[in-house]
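Here is a friendly briefing on the domain interface and the salt bridges of one protein model. Have the viewer ready and follow along.

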Amino acid sequence: MKIELEQNFLANYNRNSDAVYFTPGRINLIGEHIDYNGGLVMPCAITLGTWVAIASNNDGKFRFKSLNFEAQVDVESNKIHDKNGSLWANYPIGIINEFLKDGKEINGFDFLFFGNIPIGSGLSSSASIEIATAFALNDYLNLGYDKLELIKIAKKVENDFIGLNSGIMDQFAVAIGEKDKAIVLDCETLRYKMVDFNLGKYSLAIINTNKPRELADSKYNERVAECQEALRLLNEEITLHNLCELNAEKFALHSHLIHDETILNRATHVVKENDRVHLAAKALNNGNLEEFGRLMYASHKSLKELYEVSGDELDAVVDFCLTYDHVIGARMTGAGFGGCAIALLEKGYEEDFAKHLTAYYVGKIGYPAAIYISEIGDGPKRL
Ligand code: GLA
């Protein structure tokens with residue numbers, strides 16, 4: 001990919017690039033809609049991701065081109081604080097804007113991106129392009145940020161510039177991920193452990209429902225607000241900074257404060273999902289993948305029934321998995337409302353699984369899903 005990007009850079013900008021970088025996407029194994037509630041999540045980086053070739057220029061302009069999109073976006077340095085009409089370019093623009101606000105001197109730059117993470121698939125193409133830009137500029141210009149600072153800057157871009165009130169999981173996962181490791185991250189303290197993700201006789205399948213995530217951002221922000229409302233109500237009786245400070249048992253003592261059924265369901269999901277991540281981390285430690293799989297199914301059920309972020313397409317995938325003997329666990333991953341599911345599939349059954357799932361899914365939904373066998377990959381690097 002590096003050579004292809006360098007050649008395309010030359011063809012597009014009539015000059016050579018100075019450096020090429022890669023940053024992965026992510027899946028989340030378990031712990032969904034937990035990061036902005038201060039609990040435990042378990043993501044890993046995947047080998048799909050974003051490549052970027054860069055070269056500094058002396059024209060005081062930032063130029064953004066992607067092999068995935070037609071138009072090139074050119075922005076004068078003094079206009080970098082404005083959001084651009086082109087959605088994808090706002091991610092790198094937002095990062096540069098933060099660096100400039102922080103007093104870093106960055107003159108013009110030409111960028112050429114390529115991504116193989118399906119857009120809107122819930123595999124964090126946006127966090128990947130944010131961290132790709134931040135990591136590349138920080139490394140190339142020796143800006144002096146450590147990884148945690150880059151993660152926080154990228155989250156700020158997502159929250160303040162793009163307008164999604166997301167937590168820190170995606171930026172963290174794509175920046176910190178390591179091959180064959182899951183990250184067990186406490187989103188309140190930001191302490192984390194890298195855990196061997198040893199799947200034994202199973203492999204990890206990613207199933208893209210190919211359902212575009214309509215209205216995903218506004219519904220996502222609605223869920224964040226509902227959790228804040230639950231927290232506000234609970235604080236009438238106890239002092240809590242976030243919902244994940246309670247386990248299911250303690251929550252039961254105070255849940256009478258929440259009268260609205262929807263808010264109660266949202267909070268119940270959060271508290272129990274956080275408990276499930278603790279159990280899943282133990283199961284992984286003990287090599288008990290069957291238990292891990294059961295927790296994945298339980299997580300999906302809760303996201304469907306209590307948190308209401310699944311949908312017919314994701315449910316069709318998980319329903320099929322429940323009937324298929326060689327899958328021990330499956331769930332939606334990421335924000336939901338479409339996007340991807342993941343499944344623990346017995347090795348050797350990849351083709352059979354794809355054939356039968358496709359027949360079932362097309363019958364239910366009317367168009368096919370895409371199925372990949374995923375590898376757990378490394379975080380950002382210069383190539
Ligand atoms: C999106 C957000 C994350 C996280 C997940 C749901 O991917 O960007 O911060 O909240 O949804 O777990």
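**The bridge between the domains**

The side chains of R331 and E32 meet in a salt bridge, with N and O 2.7 Å apart; the term stands for a side-chain nitrogen of Lys or Arg within 4 Å of a carboxyl oxygen of Asp or Glu. Please keep in mind that this is a predicted model, in which local features need pLDDT of at least 70 and side-chain atom pairs count only at pLDDT 80 or more, while totals for chains, interfaces and linings use all residues. Residues are numbered from 1 along each chain as its sequence is written, and side-chain values use heavy atoms, with hydrogens and water left out.

**Around R331**

- R331 sits in strand β10 (residues 327-332); helices (H or I, at least four residues) and strands (E, at least two) are DSSP runs, numbered from the N terminus.
- Is R331 buried or exposed? R331 counts as buried because its relative accessibility is 0%, where buried means under 20% relative accessible area, exposed over 50% and partly exposed in between (1.4 Å probe, protein chains only).
- The R331 side chain also reaches the backbone oxygen of L29, at 3.1 Å.

- Domain 1 covers 2-195 and domain 2 covers 198-374, with bounds that come from an automatic or database domain assignment.
- Taken over C-alpha atoms, the centres of domain 1 and domain 2 are 26 Å apart.
- To the contact, domain 1 gives 31 residues and domain 2 gives 41 residues; contact means heavy atoms within 4.5 Å.
- About 2,800 Å² is buried between domain 1 and domain 2, and carbon and sulfur atoms give 66% of that area. Buried area is the accessible area (1.4 Å probe) that two parts lose on being put together, summed over both.
- The rule finds one salt bridge across the interface of domain 1 and domain 2.
- On the side of domain 1 that touches domain 2, β1 (19-28) and β2 (40-41) are the elements that give two or more residues, and β1 has the largest share with three residues.

**Salt bridges elsewhere**

- By the same rule, the count comes to 22 salt bridges.
- R15 pairs with D110 in a salt bridge, the closest N and O atoms being 2.7 Å apart. R15 lies in the loop between α1 (2-13) and β1, and D110 in strand β6 (residues 109-115), so the pair ties together parts 95 residues apart in sequence.
- R15 is partly exposed at 27% relative accessible area, whereas D110 is buried at 2%.
- K156 and E98 form a salt bridge through their side chains (3.5 Å, N to O). K156 belongs to helix α4 (residues 147-162) and E98 to helix α2 (residues 90-101), so this pair links parts 58 residues apart in sequence.
- K156 counts as partly exposed at 34% relative accessibility, while E98 is buried at 11%.

**The network at R223**

- A network of salt bridges links E222, R223, E226, R266 and E308.
- R223 is found in helix α6 (residues 216-234) and is buried, with a relative accessible area of 4%.
- Leaving aside neighbours within four places in sequence, R223 is in contact with residues including Y36, R266 and E308.

Note on methods. A polar contact is a pair of N or O atoms within 3.5 Å; within protein, one must be able to donate a hydrogen and the other to accept it, and residues adjacent in sequence count only if both atoms are side-chain atoms.
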